[in-house]
Structures are given as C-alpha cells and as structure tokens.
Amino acid sequence: MNNTTTLPLGKALNAGLRRALEDDSKVLLMGEDIGKLGGVFRITDGLQKDFGEHRVIDTPLAESGILGTAVGLAMRGYRPVCEIQFDGFIYPAFDQIVSQVAKLHYRTGGNVTMPITIRVPYGGGIGAIEHHSESPEGYFAQTAGLRVVTCSNPADAHLMIRQAIASDDPVLFFEPKRRYWEKGDVNLAAPIDSYPLHKARVMVSGTDATLLAYGPMVTTALRAAEVAADEGISLEVIDLRSLSPLDMNTIESSVRKTGRLIVTHEAPVFLGIGAEIAARVTERCFYHLEAPVLRVGGFTIPYPPAKLEEHFLPDVDRILDALDRSFAA
Amino acid sequence: MIENHDHPIQLLNAEGERVHHAMFSELVADIDDRRLQDLYEDLVVVRRVDSEATALQRQGELGLWAPLLGQEAAQVGSARALADDDFVFASYREHGVAYCKGVDPTQMLRFWRGSTHSGWNPLEYRMTTPAIIVGSQALHATGYALGMKLDGSASAVITYFGDGAVSQGDISEAFGFAASFQAPVVLFCQNNQWAISEPVSLQTQVSIAQRARGFGMPSIRVDGNDVLAVLAATRHSMTHAREGNGPMLIEAVTYRMGPHTTSDDPSRYRPAELDDEWKLKDPLDRVHKHLEREGLINDEFLARVSDRADRTAADLRRGCLETVEPAPMTLFDNVYADEHPLVSEEREQFSQYLAGFEGSAR
C-alpha cells in the first residue's frame with residue numbers, strides 16, 4: 001500500500017507521533033509546551049487537541065521530573081514519549097536516564113521493561129543562543145541499556161519514530177533540528193517493519209571512498225558526494241541511522257569495497273561515535289584499508305556563539321579536505 | 001488539615017500509654033488486643049531480621065547492610081495501612097515494609113550480598129527493590145500514581161525516603177509533579193535525624209512536613225516511633241489519595257539508632273547522649289509496656305513471638321548461606337528486552353574465552 005506525500009521532516013514526525021497515538025492507547029506524549037503550543041518546534045502540533053490532555057501531557061518545567069515520572073508510567077504499562085525541548089536541556093535528566101531508564105530492565109532481572117522514547121532536537125546551524133545547539137548523543141550511546149537512533153530525512157523520521165515508540169527498550173531519538181523544514185517524500189502507509197530501526201542505509205553507492213554520516217550531517221554528506229562526483233570521485237554515502245547498536249556489517253561491506261572511510265558528525269571527534277567506528281573498522285578490515293580512517297567533526301570546545309558556528313560545524317569543504325588527505329595517504 | 005507541626009501526632013507515648021487524638025484515634029479503633037499483639041510481633045520479627053542481617057554482614061556473608069534499627073514502627077505502621085493493590089516505591093532501608101509486603105527476608109539479602117541487583121520481582125510484590133540513587137524513587141512513584149489515575153484505579157502509591165533526600169532535586173520535583181497532577185501518592189519521609197553524618201538541620205530549616213504547604217499539599221507530622229500513630233496517619237493519607245484528593249506528605253519523626261550502614265561509624269559524629277535519649281523512645285518498648293499494662297503479655301505470647309523471630313532469623317541465615325550465586329554468563333542477561341548485536345557479540349566472545357579454560361585448573 002502506498003500513500004506517498006511530500007512533507008518537511010518536522011511534519012513527518014508529527015504524522016508518525018499521530019499514528020503511534022492512534023495505534024496504541026498506552027502511548028502518551030509528555031513534555032514542556034507540547035500541548036496547546038504544539039512544542040517550540042511544533043512537532044506535536046494539534047495532537048493534544050485531537051487526543052486529549054490525558055494523552056498529550058504538558059509537564060512542569062523539570063527534565064528529571066519528566067523522565068522520572070515516565071519511569072513510573074512505564075512500570076504501570078504505559079509507553080511514554082518524552083520531549084526534551086532542546087539538546088542542552090537534557091542534562092538535568094541525565095541521572096534518571098542513565099541510572100533508571102537504562103538500567104531498570106537489567107536491575108530487575110528482566111521483570112520491568114522501560115518502553116520510553118526520549119525525543120531530543122539536537123545539533124546546531126539555526127543561529128541559536130547557547131545550550132540550544134549541542135550534540136550529546138555520545139553520552140547516551142555509551143550507556144548500556146539505551147538504544148540511540150537519529151533520522152536524517154522525512155521518510156525515516158516518520159518510520160523511525162513509530163519504531164522507537166514500539167520498542168520495548170528505551171530509545172534516545174535524536175532529531176536533526178536544522179533539517180526540520182527540509183522536505184521529502186513520505187509513504188504514510190509504510191509498514192512499521194519496512195526497514196529495520198537499527199540498520200544503516202546506503203544513500204549513494206560509490207567505489208572510491210566511504211563517507212559515513214548521521215542526522216543533520218547526512219544532507220551535508222550528500223552534497224559533498226555531488227561535488228566529489230563533479231571531480232570524478234565516486235563516494236559511497238552511508239546514513240548510519242542507529243548509534244546504538246551500530247550496524248557494523250553495512251559499514252564493513254562498504255569499507256571492504258572502497259578501502260577508505262571518512263566519518264563526519266557535529267559532535268566533537270574526541271571519544272565520539274567516529275572514534276568507535278574507526279576502532280571497529282580497524283579491527284574488522286585492517287587489511288582492506290588504503291588510508292587511515294579520518295573523522296570530520298566538532299572541535300574540542302564548547303559549542304560556540306552562533307556567529308562562529310559556521311566555522312565549528314563540519315561542511316562540504318571540510319569533508320572534501322579530509323577526502324584529499326585520505327587519497328594522499 | 002493537620003497543621004500543628006510542632007508536636008508530632010502520638011497515640012501511644014513512650015510510657016506505653018494511649019493518648020487520645022480527636023481525629024486519629026478513631027482511625028485505629030479496630031486495633032483490638034489481638035491486632036496490637038500482631039503489630040508487636042511484626043516489630044519484633046523485623047528487628048530480628050535486621051540484627052541477623054547485620055550479624056551476617058559482620059561474618060562476611062553480606063557486602064553491606066543498611067540497618068533499620070529504631071525505624072521499625074515507622075515501617076510496620078505504614079506498611080500495615082496498605083491495601084494489596086497499593087504500590088510501594090521504596091528507598092533502601094525499608095526491610096520492614098518489604099517484610100509486611102510478604103517479601104521473604106532471604107530475597108532481601110541477595111541484593112546486599114552482591115548476588116543480584118533485585119532480590120524480588122517488583123511487579124509481583126507491588127514493591128520496588130532498593131533505590132540507591134537518593135530521591136529518584138519518589139518521581140517513579142509519582143509517575144506510577146499518575147498512571148493509576150489515568151487508569152481510573154481506586155488504588156494509591158506510597159513512596160519512602162529519608163530526611164537527607166529532601167535536599168535532592170528529584171524530591172522537590174516529585175512534590176511539584178504530584179501536586180500539579182493531583183496524583184494519588186503518599187510521600188512518606190522517615191526523618192531519622194541523620195543522613196550518614198549530617199543532621200537534619202543541615203538539610204532543612206523548617207520541618208519536612210511544613211515543606212508540603214508550599215507545594216499545596218496537606219501533610220502530617222507523626223511520632224515515627226509510635227506504630228499506632230503511623231498506622232493512623234498512613235491510613236488517613238492513603239484514603240485521601242485513593243479518593244482523588246491528590247498527594248499527601250507524612251513526616252515520621254524517628255531516629256536511626258544504628259549506623260547508616262554497616263560501613264559507618266556514628267561515634268565519629270554524634271554524641272552517645274543523643275542515642276541514650278532516643279533509647280527511651282524505643283518503638284518496641286512502648287508497645288511492650290502497653291501490652292503489659294493491658295495484661296496482654298504472658299509467657300505463651302512471648303514464647304510465640306520469640307519463636308517466630310527465631311525461626312525467621314534461622315531461615316534467613318540458612319537462605320543466605322545456601323545462596324546459589326549467578327553463573328558468569330548471566331552477566332549479559334536482560335541488558336535489553338530485545339536482541340542487541342553488540343551485547344550478543346560480547347556474550348559470544350566471553351563464552352568462547354571461558355571455554356578456553358575448560359579442563360584447566362583456573
């Protein structure tokens with residue numbers, strides 16, 4: 001069945017949330033300003049009006065409180081979907097996420113499950129003031145018990161948010177906020193199992209080097225591939241989609257083919273997702289590598305003021321610069 | 001509501017005399033001689049479980065134990081006010097509550113022995129296992145209570161925390177969320193005067209019961225060493241919550257007669273005279289005195305109670321010594337509800353690593 005329409009990524013998320021609320025009466029949305037306002041990015045626009053204040057719950061302004069009450073609701077059999085208003089606001093909830101949400105299934109010997117989805121608009125590029133542009137995914141990807149995913153396009157946004165909500169494990173769902181308004185085709189009738197949540201996706205096939213990106217950087221990576229193609233270089237672009245677990249098989253197949261890997265993300269490269277991928281690629285296909293794995297990401301600095309963010313965020317030129325270094329190796 | 005916070009509500013004083021209270025006495029009018037004897041038996045057994053566990057820790061069988069000595073009445077009195085469907089979100093010292101909820105004391109010990117993170121199934125006993133992160137459980141309780149309200153349930157939740165926890169943000173957030181959502185939850189603070197070495201005066205400049213007012217919640221300050229007053233206060237508060245009137249706070253004023261845990265040394269920070277002062281308010285002694293006064297203490301009754309305590313302690317010791325420790329490969333169990341490739345990969349690798357030692361002396 002096909003019901004394809006063109007939607008911006010934010011609207012695709014809204015449609016996915018609506019579908020999840022329709023499909024399962026135990027699904028609840030909770031967060032700050034998500035009701036009448038529809039969230040500061042309007043991702044929950046209209047949902048409280050249609051599903052009621054008992055399904056779409058405006059909470060007091062306290063992130064630990066949101067996650068802590070979500071734990072209790074999950075124990076009661078609900079599937080809470082918590083909105084954290086901005087990436088930089090998640091830290092007050094850090095303890096509840098890593099000590100409780102992530103560990104309760106293990107701590108209770110499997111008796112308690114935590115089917116909680118934590119939606120986090122993340123990343124920079126929107127000219128925001130401080131604490132509104134961060135990429136904290138690495139903290140959570142290192143925590144056992146959590147699943148961490150991020151979408152890069154409207155079709156995945158619609159599919160992956162439904163899959164995250166249906167998961168019996170807690171899922172950190174990172175939303176590329178600067179891509180909320182980018183449009184793409186979405187099949188609203190896509191079956192929930194039409195593509196695995198934790199599988200990477202080859203966006204463009206290529207032969208000369210692999211470019212791995214996720215979330216907001218996928219669009220940038222695709223542009224870099226176009227520029228490279230004009231220069232006669234065939235880049236294979238992979239959208240990682242899942243940060244925990246990592247789909248190493250897709251990455252490994254690509255690297256075995258191309259012999260070169262560049263990983264890009266907005267988060268600082270030190271101890272980031274790219275570092276883990278580089279280590280694992282080295283373990284798995286060392287003898288297929290023609291050059292060291294290179295990372296293009298944030299510097300080891302706090303997120304800078306908006307007027308400097310264009311220098312902080314990886315862009316097409318920095319990716320192409322890394323590509324040159326890879327070929328020079 | 002009950003706003004006299006200076007004098008905690010008391011129904012049985014330290015001399016074992018019944019004290020009449022205009023509102024609360026009738027809430028325990030059903031506690032006849034027989035039921036009072038049962039409460040006494042609970043208090044004695046719980047104290048015995050606690051002392052046996054402390055002994056097992058001293059003998060190296062447990063890594064740690066958090067004694068409840070002195071808090072028996074606060075725990076038994078509140079737990080005996082609960083209906084089967086009510087749900088308990090505990091801190092880590094509520095062995096007496098767990099006992100009343102039907103948890104086998106051996107199951108409690110497995111956590112402190114280091115054999116498991118969770119000695120029992122929280123959903124089966126309707127009581128959570130120890131919450132070490134101080135105050136975190138009050139938010140879980142609030143969420144669970146909100147779920148009960150959404151379900152139209154006629155039950156309520158009780159959560160336990162200590163005086164130290166009131167300084168935690170999660171406790172304030174729980175108060176705020178519970179009040180805003182009018183969640184059916186009773187916030188039960190055992191103010192045992194000490195957060196390890198820190199006196200309650202370092203945590204708060206007003207009584208803990210008074211804090212509720214700022215959140216728009218009624219509260220009760222009760223003598224936590226008086227099992228009848230705690231029973232009455234908890235019955236009142238749970239009914240309040242069940243009937244849709246929102247949350248309530250109970251401050252049970254008690255005293256941690258022992259150390260914070262078996263690793264602690266209270267002689268470094270609190271005067272022995274204070275301990276002596278509180279010994280006069282012992283929660284068991286006053287019930288004993290009262291029963292004596294009423295002619296309800298006789299050899300047969302004392303033998304029955306002591307036999308029950310002895311048997312429970314013996315079962316506890318045997319259960320502890322017979323613990324079957326978890327096998328190495330259980331390390332990887334229940335990290336996720338669904339398969340996770342990295343955990344599966346590491347499980348497989350570790351299994352092969354262990355297999356390499358088969359037949360060797362390792």
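**Chain contacts, helix packing and backbone geometry**

Student: How many residues does the contact take from chain A and from chain B?

Tutor: The model is predicted, and both chains contribute residues to this contact. The side of chain A that touches chain B divides into 11 nonpolar, 17 polar and five charged residues. Across the contact, the numbers taken are 33 residues from chain A and 34 residues from chain B.

Student: Which element gives the largest share of the side of chain A that touches chain B?

Tutor: Two or more residues are given to this side by each of helix H3 (63-75), helix H4 (94-101) and helix H5 (104-107) of chain A. The largest share is nine residues, and the element that gives it is H3(A).

Student: Are H3(A) and H6(B) roughly parallel, roughly perpendicular or oblique to each other?

Tutor: H3(A) packs against helix H6 (residues 136-151) of chain B with the axes 6 Å apart and an angle of about 55°. The crossing is right-handed. An angle under 35 degrees would count as roughly parallel and one of 65 to 115 as roughly perpendicular. H3(A) and H6(B) are therefore oblique.

Student: How many nonpolar, polar and charged residues does the contact of H3(A) with H6(B) have?

Tutor: H3(A) contributes residues including A:Gly65, A:Gly68, A:Ala70 and A:Leu73, while H6(B) contributes B:Leu139, B:His140 and B:Tyr144 among others. The contact of H3(A) with H6(B) by class is eight nonpolar, nine polar and no charged residues.

Student: Within chain B, what is the relation of the axes of H2(B) and H10(B) to each other, roughly parallel or oblique?

Tutor: The axes of helix H2 (residues 72-79) and helix H10 (residues 227-242) of chain B come within 7 Å and cross at roughly 40°. Their crossing is right-handed. Angles under 35 degrees count as roughly parallel. H2(B) and H10(B) are therefore oblique.

Student: How many nonpolar, polar and charged residues does the contact of H2(B) with H10(B) have?

Tutor: From H2(B) come B:Ala73, B:Ala74, B:Val76, B:Gly77 and B:Ser78, and from H10(B) come B:Val227, B:Val230, B:Leu231 and B:Thr234. By class, this contact has six nonpolar, three polar and no charged residues.

Student: What distance separates the centres of domain 1 and domain 2 of chain B?

Tutor: Chain B is divided into domain 1, residues 25-326, and domain 2, residues 327-362. Taken over C-alpha atoms, the centres of these domains are separated by 38 Å.

Student: Which element gives the most to the side of domain 1 of chain A that touches domain 2 of chain A?

Tutor: Domain 1 (4-187) and domain 2 (201-328) of chain A have centres separated by 26 Å, and their contact takes 24 residues from domain 1 and 21 residues from domain 2. On the side of domain 1, two or more residues are given by each of helix H6 (137-141), strand E6 (147-150) and strand E7 (171-176). By class, this side has seven nonpolar, nine polar and eight charged residues. The element that gives the most, with four residues, is E6(A).

Student: Is A:Arg241 buried or exposed?

Tutor: A:Arg241 lies in the loop between strand E11 (235-239) and strand E12 (242-244) of chain A. Beyond its neighbours within four places in sequence, A:Arg241 is in contact with residues including A:Asp156, A:Lys199 and A:Tyr214. The threshold for burial is 20 or more other C-beta atoms within 10 Å. A:Arg241 has 23 such neighbours and therefore counts as buried.

Student: What is the phi of A:Arg42, and where is A:Arg42 placed?

Tutor: Most residues other than glycine have a negative phi. A:Arg42 is not a glycine, yet has a positive phi of about 65°. With 15 other C-beta atoms within 10 Å, A:Arg42 is partly exposed. Its place is the loop between strand E2 (27-31) and helix H2 (47-51) of chain A.

Student: What value does phi of B:Gln193 take?

Tutor: B:Gln193 is in the loop between strand E3 (185-191) and strand E4 (194-195) of chain B. B:Gln193 counts as partly exposed because 19 C-beta neighbours lie inside 10 Å. Phi of this residue, which is other than glycine, is positive and near 80°.

Student: Is the peptide bond from A:Ser244 to A:Pro245 cis or trans?

Tutor: A:Pro245 lies in the loop between E12 and helix H9 (248-258) of chain A. Most peptide bonds are trans. The bond from A:Ser244 to A:Pro245 has omega near 0° and is cis.

Note on methods. Residues numbered from 1 in each chain as written. Chains lettered and ligands numbered in written order. Predicted model: local features only at pLDDT ≥ 70, side-chain atom pairs only at ≥ 80, totals over all residues. Domains from an automatic or database assignment. Axes fitted to C-alpha atoms, helices over the stretch in contact; angles between N-to-C directions. Parallel < 35°, antiparallel > 145°, perpendicular 65-115°, else oblique. Left-handed = near helix turned anticlockwise from the far one by under 90°. Contact = placed C-beta atoms within 7 Å. Nonpolar A, V, L, I, M, F, W, Y, C, P; charged D, E, K, R; others polar. Buried ≥ 20, exposed ≤ 12 C-beta atoms within 10 Å, placed from the backbone.
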